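Please open the structure in a viewer and keep the selection panel at hand.

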Amino acid sequence: MTPSQTSAPPALLSERIIDFTNHMRANGFTMGPQECITIAHHLSSKPLPTMQRVRLELKTLLAGDRQEWLRFDDLFEAYWIKSGRTRASLQQKSPPHITRPERPAPLWQQHLSDNRPEGDGKTPQIEVETGDQPAGEASGRLIAAKHSVNRKTDLKNIVDPEEIRAAEALALQLARAMRYRLSRRYKTAKKGNRLDLRKTIRSALPRGGEPIELFRRSTRPRPVHIIVFLDVSGSMKHYSRFFLQFVKGLVCAWLHSDAFVFHTRLVHVTDAVRDRNSARAMTRLALMAEGFGGGTKLGECLGQFNRHYARKMANSRTVAIVLSDGYDTGAPEKLEAELARMKKHVRKLIWLNPLLGWKNYAPITAAMLAARPHIDYFAAANTLESLAALEPQLAQL
Amino acid sequence: MSVINDIGPKLAAVGYIADDPLSVALQLTVDLARPLLLEGEAGVGKTETAKALAKVLDTRLIRLQCYEGLDATSTIYEWNYQKQLLAIRAREHDRLSSSAIEKQIFSEDFLLRRPLLEAISQEKSPVLLIDEIDRADEEFEAYLLELLSDFQVTIPELGTIEATSRPYVILTSNGTRELSDALRRRCLYSYVEFPDHQREHDIVRARLPDLEANLASEIVGFVQNLRKEDLEKKPGIAETLDWAAALVGMEVHSLLDDPDKVTSSMICLLKTESDLKSAPRELVSRLAGKAA
């Protein structure tokens, strides 16, 4: 803001402010007309102070969290001092501005929309199921699953019906174990452990203040919300099918739950998993997971969750369960940062690592080491028994 | 202009040394009457800010410490049940109708004012400190939003109570939980950093005027360097002040004099076991040497 600009007529200033607001919005700040008016009002209410002062004032007004607080100075300078009026030139000039770029629509959405019709009608496994299988749904599902196995990836390898049921039952059992956290709010309850004085006194009034009828209140249990992250990368392929059943059991049985699968990208699969038709669900999942390739990017995927889903999904009753072997092709620092961020969104973080059940295995991959400090409960999960052994532990969380 | 730059020196006068961003933020809080959200690591003086502001404005400080499960009865109002029962008893023989009694016992006399109601019914705008808002749950946050936008409270038995004066609201957060965007948007925001060498020195001098000058600068230099170490929990300003007081109490005149005493006094600065272990005598004397 050169002296000539400082003494500029208000019309020009307000235009510049609108332009500045757009500039900030383009760089990821949440700003609307309300903020615009606030700035204009604030700046025009008194003679313009020094540049430094204006910067601090606007920073206080506009930043919403630490990230924005740290980025503000660069953005401010880029706009007012380096006279970068267009975003294009800004991005070329200073890389910090594109730390939160406008991302293209996640890949999986295309997957979903492309694959749904296929999974719904055309695929052979549905026909198998509607065919002559008098034994009932279970066998129909099994055949369907086998069919799709032969056609598709081994992610949903042969599924033994006994094992399916065992995994689903176990998942439900685990969910029940973690089921409730006592809320700390008191609500009226018939057999509460505390007196509800407010209600009691109110009802005592017509009886001359004699509290004949006592009302009680107590805290209520509230269901936990479970979010499962399943690693479906190459290194996990032997466990994927089994875990998918586990996840399916959990998500179907537990209303407050969400499921994600990831390897290089994160895919929200709650809807697909909830599909009543087990075969179709597995097919959809397989198709979704198929589109990706390469290794695992744990940090990146959890980052996606933090950016896009966490605000909406997670609350103080959320338990996040990560099913992964911790072989990560991304940077461990990234993973650590994202886990730390995730920990702020969820109450507990549980990491189940199938390799931990192996003899001589020690979780010393860089990713696992980086993740350890943020994990509340770290356990093996390579067999049904090891999963069952989790139950008492999870009940304590 | 004179009004604008006012608050920094005033804060200094009451013993609180604020850096530029913070004093600007406080100035805006006063000017615009909008809540201020302060974030930063534990121990950088967020809570002290509110106390200092109350002193500067010469007004009351009303503090609401947040915890999980905080609800309306402990933040806004509660009826004084014991008193109500007694009142009903005392008027038993007055043959008042029950509605008349009801009117009496649900009046202001029987109302226990909790911090939020207290804050909006003061003659002079108080400073309302909502400490560690991230510890309260989402439900309370939503409730708070309503109060912060309307500044009125509705009590079913009494009706709506309008604010007689708008409190200056300061919220602090340690970032253990993400706050909602709605709350962030409604607040001014400032991130409080650890103070730089000069500012921390000023703070130590302001708070402990009796401290020897050379010891003060040694202490500040030591702590500044200690924060650069890889620690679980970095010492805040409060820790620095504690430590300085402890050293005075232990009659240490220079950090280099007695490394053992200094090492044993590290419990004032480092509050976790692993941090204490990671600061052995050698590190302490190295840092002391650097600071001196």
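A polar contact is a pair of N or O atoms within 3.5 Å; within protein, one atom must be able to donate a hydrogen and the other to accept it, and residues adjacent in sequence count only if both atoms are side-chain atoms. By that rule, eight residue pairs are in polar contact across the interface of chain B and chain A, both residues of each pair being at pLDDT 80 or more. The pLDDT condition applies because this is a predicted model.

**The side of chain B**

Select the elements of chain B that give two or more residues to the side touching chain A: α2 (20-32), β1 (36-39), β3 (77-79), α5 (81-90), α6 (98-105), α8 (138-150), α9 (181-186) and β9 (188-191). The largest share, seven residues, comes from α2(B). Colouring this side of chain B by class gives 23 nonpolar, eight polar and 18 charged residues.

**The interface as a whole**

Next, display both chains. Here 49 residues of chain B are in contact with 39 residues of chain A. The two chains bury about 4,100 Å² between them, and 54% of that area is on carbon and sulfur atoms. Select Glu68(B), Glu178(B) and Tyr189(B): these residues supply 16% of the area that chain B buries against chain A, more than any other three residues.

Three salt bridges are counted between chain B and chain A. To inspect a salt bridge, select Arg202(A) and Glu102(B), whose side chains meet with an N to O distance of 2.7 Å.

**The sheet of chain A**

Six of them form an open sheet with mixed pairing, in the order β6-β5-β4-β7-β8-β9. At the edges lie β6 (266-268) and β9 (377-380) of chain A, each of which pairs on one side only. From one strand to the next, the twist averages 20°.

Finally, move to β5 (residues 257-262) of chain A, which pairs with β6(A) in the antiparallel sense over three bridges. Which residue of β6(A) is the bridge partner of Phe260(A)? The partner is His268(A).

Select the side chain of His268(A). Polar contacts join His268(A) to the side chain of Asp258(A) at 3.2 Å and to that of Thr270(A) at 2.7 Å.

Key:
Residues are numbered from 1 along each chain as its sequence is written. Chains are lettered from A and ligands numbered from 1 in the order in which they are written. This is a predicted model: local features need pLDDT of at least 70, side-chain atom pairs count only at pLDDT 80 or more; totals for chains, interfaces and linings use all residues. Side-chain values use heavy atoms; hydrogens and water are left out. Contact means heavy atoms within 4.5 Å. Buried area is the accessible area (1.4 Å probe) that two parts lose on being put together, summed over both. A salt bridge is a side-chain nitrogen of Lys or Arg within 4 Å of a carboxyl oxygen of Asp or Glu. Helices (H or I, at least four residues) and strands (E, at least two) are DSSP runs, numbered from the N terminus. Ala, Val, Leu, Ile, Met, Phe, Trp, Tyr, Cys and Pro count as nonpolar, Asp, Glu, Lys and Arg as charged, and the others, Gly among them, as polar. Two strands pair if DSSP finds at least two bridges between them. Axes are lines fitted to C-alpha atoms, for helices over the stretch in contact, and angles run from 0 to 180 degrees between N-to-C directions.
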